[in-house]
Protein chains: 2
Amino acid sequence: MAEKFALIGTGNVAWHLGRVLENAGHLLVHVYDRKLGLAKKFTADYFNASYGDTTDMRSVEATVFIMAISDHAIATLSQQLKLPEGAILCHTSGSTPLSKLGYADTLNRGVFYPLQTFSKGVPVDFTPIPICIEAENQFTLNVLKNLGQSISQEVVEMSGEQRKALHLAAVFACNFTNHMLAISKEILEAKSMSFAWLKPLITETIHKSIQLGPEHAQTGPAIRGDLKTLDQQLKALEGDVDLARIYQYISQHIIDTYSE
Amino acid sequence: MAEKFALIGTGNVAWHLGRVLENAGHLLVHVYDRKLGLAKKFTADYFNASYGDTTDMRSVEATVFIMAISDHAIATLSQQLKLPEGAILCHTSGSTPLSKLGYADTLNRGVFYPLQTFSKGVPVDFTPIPICIEAENQFTLNVLKNLGQSISQEVVEMSGEQRKALHLAAVFACNFTNHMLAISKEILEAKSMSFAWLKPLITETIHKSIQLGPEHAQTGPAIRGDLKTLDQQLKALEGDVDLARIYQYISQHIIDTYSE
């Protein structure tokens, strides 16, 4: 069923969700931002919708209000909102509990968390992106599920506790993975070498990890129990205690994981 | 120029190099393995070449002898080899110095290190794979460069010190990255969730990291300085000291890197 929806926030996630939901036949009717200029620019540039900076949105004819704002702002702003009776209010955050969505007891609250990293202005295919849904009642669950299924083949209902674990897993799989690449780039550039040389190796590593499962794709000195290379490499890092510590603890964790 | 070459070792790297060098017009004339059965099977299955388990290969009509064996075996085996006069002996290891190749002073020694992770029996396009070359004299350098350029567009001459740093960078970029994925899979499965859900996020993360450079693609609670989420996630890991420590040190390193 096509829904009329409003966006609260005008950042990256708001832009992507607005775009993909409109493409799926839903109608963006209103955009809120606490900075009026941002709401104005956002609608002028991309959407045919009203806009405003007032938290009283009782006159907005939307059934779903999607908050796509910083995690830390969710609790405060949601308490200030006034929405039409029966409206659904959801946030899009992996790490924020459903219960942070204010205290208005007439509200249908939910979570609509797309598990992806978005780049500004680069359209993305939502079909394979998991949409993680949580809702405080069946009505809200149904609406958010339908909304999700209209843009993705992977709509998953999960508890707040699961979503938290998913977010933590994503920190390891993405944020930390990216930082491992950043460290490797620094090591290369310190010796006048190019990070680009690692591209085929990185691509193949990730491909194998996803195909076989990471626990079947581990290679390197730690899993080989090659203590000589581990010692050598640790020594090469001894000028940088923090990096040496990271090297040591990850290597030890690999050894422990596979000797169990 | 087409070379006649011999392979010392019958593992993964030997198979890949043998295959791609033959496809480029070079001729594999002999295969050595300390286990005769392995050398026999390797040639019978894949190559039209003689084979043997004798380290005296003075009668083998090859100009280049490529060692593709475990790092720790390189020094010992290379000291036992007898090769035709003027032959080139190279190893294929990222972490082993050129000088580990025995002591025979008539030898032209070198390193021919393809920077990739190879899967058994899965042919791979060598064109973008860096081949890292080191050699003890100009003649050897020229031959190994030509050999490299016949299979790859990215032949790089580098010192042993650089190759060591490259190998260390690869441990961070690939071995550690894969382990981050293994950890994330464990976190998910402990809460009955599927690692497959992370696929689009992982793929996009790596894509962005390579496109923009990892230092411009970092996201997550640490770079945002989101101490609340960091504390929460650290607490969620408190049952596992080793994992908590890894989480803490990587997060701290991200904070330090970007606040400098």
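This is a predicted model: local features need pLDDT of at least 70, side-chain atom pairs count only at pLDDT 80 or more; totals for chains, interfaces and linings use all residues.

Author: The model is read with local features needing pLDDT of at least 70 and side-chain atom pairs counted only at pLDDT 80 or more, while totals for chains, interfaces and linings use all residues. Residues are numbered from 1 along each chain as its sequence is written, chains are lettered from A in the order in which they are written, and side-chain values use heavy atoms, without hydrogens and water.

Taking contact as heavy atoms within 4.5 Å, 86 residues of chain B touch 85 residues of chain A. Four salt bridges cross the interface, each a side-chain nitrogen of Lys or Arg within 4 Å of a carboxyl oxygen of Asp or Glu. Glu215(A) and Lys185(B) are joined in a salt bridge, at 2.9 Å from N to O.

On the side of chain B that touches chain A, the elements giving two or more residues are helix 5 (160-190), helix 6 (199-212), helix 7 (221-224), helix 8 (227-236) and helix 9 (241-259) of chain B; helices here are DSSP runs (H or I, at least four residues), numbered from the N terminus. Helix 5 of chain B provides the largest share, 26 residues. By class, this side of chain B has 44 nonpolar, 25 polar and 17 charged residues, where Ala, Val, Leu, Ile, Met, Phe, Trp, Tyr, Cys and Pro count as nonpolar, Asp, Glu, Lys and Arg as charged, and the others, Gly among them, as polar.
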